[in-house]
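Please look through the structure shown below, and then follow the paragraphs that come after.

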Amino acid sequence: MHRFKLPPQILRLILVAMAIVGSYLVARSFLVPPSFGEYGWYRGDALKLIAARDPVFAGKQACDECHSDILHKLAKDAHKTLSCEGCHGVSREHCDNPDILPVKATGSHCIRCHEANLARPAWLKQIVVKDHYGPKCTECHLPHQPTQSP
Ligand code: HEC
Ligand code: HEC
Ligand code: HEC
Ligand code: HEC
């Protein structure tokens, strides 16, 4: 009776495949960081690393101590959802030392959000700046109370 014998070329293929899978598993055990998978599909230690960084922005509440009048104004008008530092730039240093003033907000930053652009949502009021009343936005709109004029 004929006994089945694995043809040598198939046996070699199986050995090569096992070598590939095996070296993959060995490499994986060396390369995967220890905390990978602790919380999910990423390196668990990354959370600690990111949390240990100094925050870049001071946040709206940090301005309350010295500019609470502006916080109140802002909260009552159309710009209530905006952050102070979205217009004034990172102001953390200024909070610690008011002598270091934030970057001057010139008004050109208004068009970053309000220049008409089809990609913007319809609820955001948009203007075609060159057809609007003029480029000096703050002559007619108070930045902290944009629906009111100075
Ligand atoms: C410890 C007090 C203090 C804190 C906190 C503070 N400021 Fe000020 N800020 C001042 C003082 C003092 C001035 C200068 C006088 C003035 O204009 O009222 C000033 C001025 C400014 C000016 C005018 C700058 C200019 O060129 O005239 C801006 C804008 C400003 N602050 C934004 C902010 C923002 C945004 C925050 C929060 C992230 C903040 N400030 C937090 C005290 C503070
Ligand atoms: C939409 C952009 C915008 C936002 C949001 C904004 N500001 Fe301003 N802010 C300006 C502009 C522009 C000026 C300059 C006004 C001018 O030149 O007449 C200004 C002026 C100021 C000044 C100088 C004094 C004054 O009253 O004019 C301070 C202080 C200030 N902002 C603080 C704040 C704080 C605190 C917040 C957050 C609660 C904030 N701003 C939010 C645009 C903004
Ligand atoms: C970070 C984005 C952003 C910046 C910068 C910004 N705005 Fe606005 N603005 C908004 C949002 C959001 C609203 C509320 C939705 C709306 O009314 O379009 C708004 C509302 C307004 C309105 C009220 C429109 C209405 O009749 O309801 C005016 C006017 C306005 N902004 C003018 C300005 C001026 C002037 C500046 C610069 C000093 C400025 N905005 C900077 C986002 C921005
Ligand atoms: C000479 C005065 C004047 C100047 C300068 C001006 N505006 Fe206006 N803006 C108005 C008036 C008045 C309205 C009321 C609605 C209208 O007539 O379009 C208005 C309306 C708006 C609206 C609401 C539009 C809507 O669909 O309801 C936005 C947003 C706005 N302006 C942003 C700006 C920005 C950003 C600048 C600077 C590039 C600016 N404006 C400069 C007078 C002015």
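With which residue does D131 form a salt bridge? The partner of D131 is K130, with the closest N and O atoms 3.8 Å apart, where a salt bridge is a side-chain nitrogen of Lys or Arg within 4 Å of a carboxyl oxygen of Asp or Glu. This is a predicted model, in which local features need pLDDT of at least 70, side-chain atom pairs count only at pLDDT 80 or more, and totals for chains, interfaces and linings use all residues. Residues are numbered from 1 along each chain as its sequence is written, chains are lettered from A and ligands numbered from 1 in the order in which they are written, and side-chain values use heavy atoms, with hydrogens and water left out.

D131 counts as exposed at 57% relative accessibility, and K130 likewise counts as exposed, at 74% (buried means under 20% relative accessible area, exposed over 50%, and partly exposed in between, with a 1.4 Å probe and protein chains only).

The whole structure holds two salt bridges, and K48 and D45 form one of them, at 3.1 Å from N to O. Because K48 and D45 lie three residues apart in helix α2 (residues 45-51), about one helical turn separates them; helices are DSSP runs of H or I with at least four residues, numbered from the N terminus. K48 is exposed at 53%, whereas D45 is partly exposed at 30%.

Turning to the metal, the iron atom of ligand 3 is coordinated at 1.9 Å by the NE2 atoms of H79 and H114, donors being N, O and S atoms within 2.8 Å of the metal (3.2 Å for Na, K and Ca). H79 sits in the loop between α3 (60-76) and α4 (84-88), and H114 in helix α6 (residues 110-114), 35 residues apart. H79 is buried at 16% relative accessibility, while H114 is partly exposed at 25%.

How values were computed
Helix = DSSP H or I, 4+ residues; strand = E, 2+ residues; numbered from the N terminus.
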